[in-house]
Amino acid sequence: MKKIKIKQALVLICISLFALSCSKSDDEVEVIAGVPTAYSAVNLTDSGFTANWTRVYRADKYLVDVSTTADFSTLIPSYNELAVNALTLDISGLNAGATYYYRVRAVRGALISVYSNVIATEIISTGPEPTTALKEAANFKVGMIVRSTALTGQTSDIILREFDNITSEYEMKMDKMYPSKGTYDFTAVDKIVKYATDNKLNLHGHALIWHNATPDWVKNFTGTDAEFEIMVKEYITTVVTRYKGKVKSWDVVNEAVDDGSGNPLRNSVFKQKMGDDYIKKCYQWARAADPDCKLFYNDYNFASSTTKRAAIFKIADALKVDNLIDGLGAQMHISYKGPAASEIQAVVDGTVSRKLLMHFSELDIQANPDNDLKVLTPERAILQKNKYKEVVKIFNSIPTANQYALTVWGMRDSESWLLDFWGHIDWPLMYNNDYSVKKAHTGFLEGLK
Ligand code: XIL
């Protein structure tokens, strides 16, 4: 009997000890009591910031809220669950000058502590931009325009380091190559061709027929329409034959579509003298002169105008029936405000579905389309960077078989044709005037990831 009582007492002691240990749940109490303290964030650059908070004993994770509003009504996703007591927020598109807020809770199992204090961080500084060479990072040809007078020094160093495709900015246009009747001038083109050959750069020819670079003697042609056509045939044949095998592709006709209602063919001297068929004939002559050369049709507002896009595709379809076209050039003179990614994607989709090569042929992105800035602000530079990134991302996702090249229309901001064209200051390119890379360049690199 005594033995049984001792046994019962032992069992009772064990049970009550077990119950005591269960009800204590000290871990949980500590987690709930242990509210983290958030600290001011550091490295406030346009691409992110680092924040940390006190570690909470035996917390197994932290929930972090990041928001652009103090009430945390909209959260920046993907950064809200972390095992460590630090956060590196690394997303592009944080705007310099904007304020970001963060707060944190500790979690153990199903239990969550109350919120830490809130830290407001203003994104202020900008870090140095990476200098990775574009052509090393890209899986497609990256292009830059050239001038025969600037194939040396820092300009050339950057071309050779970053680019593997070149286009002549203006010296391979009719007014320069064929300035007067019967007299060609190939001095500049020969230099560019030699530069491309010596340095193993792909050379894209731009542009055989363009209303804006038609010499006066052609605009005011004295002779019959039949003689005009013979002259154009002889011109295209001469140029394409001269650079056969060296110029790998040509924009045969540039900007043939009018922007006006219904997007008819532009009423150029070529259309006037040869009829609507002038386009087909030009491509036939170019094809005959160099059957291996890739022939492109090139135009602007390809993304921003649905009707112009349709008119361009109509030209391509007509040429494709007779195997006279290999690709389409979308100039991409755009701005940080638009066209939208979906419109740019529509250009790509229409080109790929036609089994044609895609050339984003003249990319520049205005940062100051409304002329509201006197200097390029960090905020605007970031918006411009984001647009560069978006364009490159779209090009990068094109099937390899349809990717021709992505060419940027100018190196340094001060050299951009847009300054004259719009008559006010802008910074549409990827390099500063001292040749240092801008955020736009970083945007290009980020678009490749
Ligand atoms: C521009 C050049 O950048 C200028 O230097 C030149 O004076 C005029 O032409 N669309 C085109 C390009 O197809 O050839 C144009 O280049 C820009 C618009």
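A residue counts as buried when its relative accessible area is under 20%. Lysine 387 has a relative accessible area of 6%, so this residue is buried. The values described here come from a predicted model.

Lysine 387 sits in helix H13, which covers residues 378-396. Its side chain forms a polar contact with the side chain of glutamate 390, at 2.7 Å. Leaving aside residues up to four places away in sequence, lysine 387 touches Ile334, Ser335, Tyr336, Gly338, Pro339, Ala340, Ala341 and Ile365.

Stepping back to the whole chain, 15 helices and 17 strands are found. The chain has 449 residues, and 50% of them count as buried. Among contacts between residues at least 6 apart in sequence, 72% join residues that are at least 24 apart. The accessible surface comes to about 20,700 Å², and carbon and sulfur atoms account for 54% of that area.

Open spaces come next. The largest pocket holds about 670 Å³ of space. It is lined by 33 residues, with Glu255, Gln331, His333, Trp417 and Phe421 lying nearest its centre. At least two lining residues each come from helix H5 (174-177), strand E11, strand E15 (333-335), strand E16 (357-366) and helix H14 (418-422). By class, this lining is made up of 15 nonpolar, 10 polar and 8 charged residues.

The second largest pocket contains about 290 Å³ of space. Its lining has 13 residues, and those closest to the centre are Leu265, Asp276, Ile279, Ile315 and Ala318. Helix H10 (278-289) and helix H11 (306-321) each provide at least two residues of this lining, and H11 gives the largest share, with 5 residues. The lining of this second pocket divides into 8 nonpolar, 1 polar and 4 charged residues.

The structure has 1 cavity of 30 Å³ or more, and about 40 Å³ of space lies in the largest cavity. The residues lining this cavity are Ile209, Trp210, His211, Val253, Asn254, Glu255, Ala256, Arg266, Ser268, Phe270 and Tyr278. Strand E11 (202-210) and strand E12 (249-254) are the elements that give two or more residues to the lining. Sorted by class, the cavity lining has 6 nonpolar, 3 polar and 2 charged residues.

Conventions. Residues numbered from 1 in each chain as written. Predicted model: local features only at pLDDT ≥ 70, side-chain atom pairs only at ≥ 80, totals over all residues. Heavy atoms only, no water. 1 Å grid on protein atoms, 1.4 Å probe; cavity = no way out; pocket = protein on both sides within 12 Å on 5 of 7 lines; lining within 4 Å. Points joined across faces, edges and corners; volume = space filled by probe spheres on them. Helix = DSSP H or I, 4+ residues; strand = E, 2+ residues; numbered from the N terminus. Nonpolar A, V, L, I, M, F, W, Y, C, P; charged D, E, K, R; others polar. Buried < 20%, exposed > 50% of the residue type's maximum accessible area, 1.4 Å probe, protein only. Contact = heavy atoms within 4.5 Å. Areas by Shrake-Rupley, 256 points an atom, 1.4 Å probe, with all protein chains shown as cover. Polar contact = N/O pair within 3.5 Å; in protein donor to acceptor, adjacent residues only side chain to side chain.
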